[in-house]
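Visitor: Hi, I'm new to this one. Could you show it to me and walk me through a few parts?
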Amino acid sequence: MNRYVWILVGFAGLVALLAIGLGLNPRDVPSPLVGKPVPAFTLAKLSEPEKTVSPKDMQGKVWLLNVWASWCVSCRQEHPILVEFSKKADVPLIGLNYKEVRGDGGFDMAKMPADEERKLAWQRANKWLAEHGDPYKLTVMDLDGRVGIDFGVYGVPETYVIDKAGVIRMKHTGPITPDVLGKKIMPLLAELNK
Amino acid sequence: MIPELGHFALILAALVAAVLGTLPLIGAHTRRMAWVALARPAATAIALLITFSFACLTQAFVANDFSVAYVANHSNSLLPIQYRIAGVWGGHEGSLLLWILMLSWWAFLVAMLSRHLPDAMVARVLGTLGLVAFGFLLFILLTSNPFERMLPGAEEGRDLNPLLQDPGLIIHPPLLYMGYVGFSVAYAFAVAALLSGQLDAAWARWSRPWTTAAWIFLTLGIAMGSWWAYYELGWGGWWFWDPVENASFMPWLAGTALIHSLAVTEKRGSFKNWTVLLAISAFSLSLLGTFLVRSGVLTSVHAFATDPTRGVFILIFLVAVIGSSLALFAWRAPKVGLGGRFGLVSRESALLTNNVLLVVACATVLLGTLYPLLIDALGAGKISVGPPYFNAVFVPVMIPILFLIGVGPFARWKEASIPEIARALKWALAAGIIVAVALPLIYGQWSALTALGLFFAGWIVASGVLNFAERVRQTRAGRSIVATAFSQPRSFVGMHIAHIGVAVFVVGVTMVSSFQDEKDVKLAPGESVDVAGYHFTFHGVKAVEGPNYVAAQGVFDLSVDGKFVRKMNPEKRNYHSSAMPMTEAAIDAGLLRDVYVSLGEPIDRDKPEGEWAVRVYYKPFVDWIWGGCVLMALGGLLAMLDRRYRVRSRAAAIVPAGSQQA
């Protein structure tokens, strides 16, 4: 045993750390909203544009809020999983359409009047759901993204689990995978619905 | 068809690398000259195959072949041609291909420029590079094939990340990778020396120019990245201590220590173990950087989409390359002699101290970079380590280094005398104090840290000039002063230029952090804002259209003392392919200051003709930061081109092994 062997020992420690690190997800940022009441909002419904919805309407139920937009590529990845989920599970899934027109880089918002943005947003969202299937009990439209700010939307898609008392119990950033749904969301829903 | 050819060439290259990584090494050990002779042709073949493969991928980009998945994900038919070419290394797969391309070129250069080295040594060096290349090619072929087809092909590509659509992208990664990968040559020389047991001055002399070359590229690459962040991100910052920046900075610190340590090993035969360990470390840190960036274990602005299988593969590769060389080191190092003795006050001591400090600095950066991972791994929560940590631990370590830069060149090898050094440096001390007092007075504000930074800048420049003058006086022998000055060895001139580069860099950092000014304001058309005597008048925004984006372009007039200087047009760009708006700052650059304006958001989204959030900066001496880096690289270039490395005599090879050992 010579003193140079200690360098190897140090390196082995580093490797062990990196190996553990591979199993962790640095993006798994705990949301400050977990454990807090769901932020209040009143937004127009996609199916009936003249009607509005607010979280109070969901009081007493365990529900999921999924943030999506037609321009969001990763939403397409998780969408079939949501469609499948909505067929099986008895938990209402509410869609929050986030910045349908503004979030898409292809439009010059400086030139677009507000009513045109509205029209276009409804058109695009409906078309997208018709194409890919509609897993949502209902979708609300957050055209300017202000409700998104209240939720601290970090990247679309995002999914929130909200309990009967209207408290956010979990937040998932990024597309939902079968793994996340099976191992995290479903057990939590079962527990909350007990 | 062409992408398949590129893929095939990569597979062939991997096979040749497997041959290069085994037969010449065995041949050198068992003295089979036929196997030894394989090394050069094999290295040449790998370079040709990989260059061909890279050309194939470039062709797919230029021809908009969206049936290649990588092209479809990183290009677009509207993308201008220069970004289509740079897009080749705009994503994970292609940047790995660039990495291996650089490695193959380095190996090819070693094969070409090593005629004066013993064949067995060349075989060991190229064989080691062959093993590294084999592992990397395997990584590309098994987990990250850039030629993968997507059938049916996409009609249109997803476009290159708008952040990367900038001239900076064309230059930054190739420079950085040349540096990263270049340390593989120093590493291969070290491994070859350990394998042969010939760790001597000749070995140090061979590996010095290669190490310096890699260091030059890394220096320029890091500086380029920093400059790019400064003008592209629109935050006015030039260094963020982001994990990926740290990943490039750690090999730089180790490489800088290595360059200095090699000098001692070459001249005095000392520090051999140190030098070898640093050579292994510099390249290991490059690989670690690759791991941190590619595996996604750390969050960073640079992270590409990540894939855990890639992380596992790189980790195995890391263990194989670093682990085996450290094991080899631990086995051989105890038998290496100590080299020439030296006194407590001597150039050796100064360089040893410098080395220790650089390694400590490198370790603090490593600790800060990996600490969030460690805390997460222990289940203790999520934290991030930011600039306050790095500034607090890094700056104090740098201060003695800056002091030693002035002292080192005056210290004699073996035994120096403090009174002699002090006499020589009293004028440098005076120069430092004058700069430290005068400049802050001109800028109207004095603080201890500002004065300290400026003092060291004056100290380094003055001591360099004094040292140069003294050398000219000593070597003059009747010639004119000018002729003597121009006939000094390039490595000596290069050393001083690089050190003055450090001083210039320090001035930039000190001045910008002490006297910069910024204002965040709301401006309606016709209104204006002043920062540090610069007067910006806002004339509203207009819509402009680029090839693949639309932008709101701000129109500003810059004036000083009522005199119009120039128009400035910062932009807010919306790329068709991305939801994220990009800021293009407008910068008026100057020798003594930059002024910088960047456009935020309109205050009322529906009224872009109204008020806008605007940010203006005054950045004194900021360009000195990158100017200093360019000087450092220039100094390195001169040192590398020193005549003694080009003397084609076999003198270096004839020095019997171990003759330098005391």
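Guide: Let's start with one pair: B:Asp588 stands opposite B:Val595, a residue of strand 9 of chain B. Strands are DSSP runs of E with at least two residues, helices are runs of H or I with at least four, and both are numbered from the N terminus. This is a predicted model, where local features need pLDDT of at least 70, side-chain atom pairs count only at pLDDT 80 or more, and totals for chains, interfaces and linings use all residues. Residues are numbered from 1 along each chain as its sequence is written, while chains are lettered from A and ligands numbered from 1 in the order in which they are written.

Visitor: How many bridges join strand 8 to strand 9 in chain B?
Guide: There are 3, and the two strands run antiparallel, with strand 9 covering residues 593–602. Strands pair if DSSP finds at least two bridges between them.

Visitor: What order do the strands of that sheet come in?
Guide: In chain B, 4 strands make an open, antiparallel sheet in the order 1-10-9-8. Its edges are strand 1 (517–523) and strand 8 (586–588) of chain B, each pairing on one side only.

Visitor: Switching to helices: at what angle do helix 8 and helix 9 of chain B cross?
Guide: Helix 8 (residues 119–143) and helix 9 (residues 167–196) of chain B cross at roughly 125°, their axes coming within 8 Å. Axes are lines fitted to C-alpha atoms, for helices over the stretch in contact, and angles run from 0 to 180 degrees between N-to-C directions.
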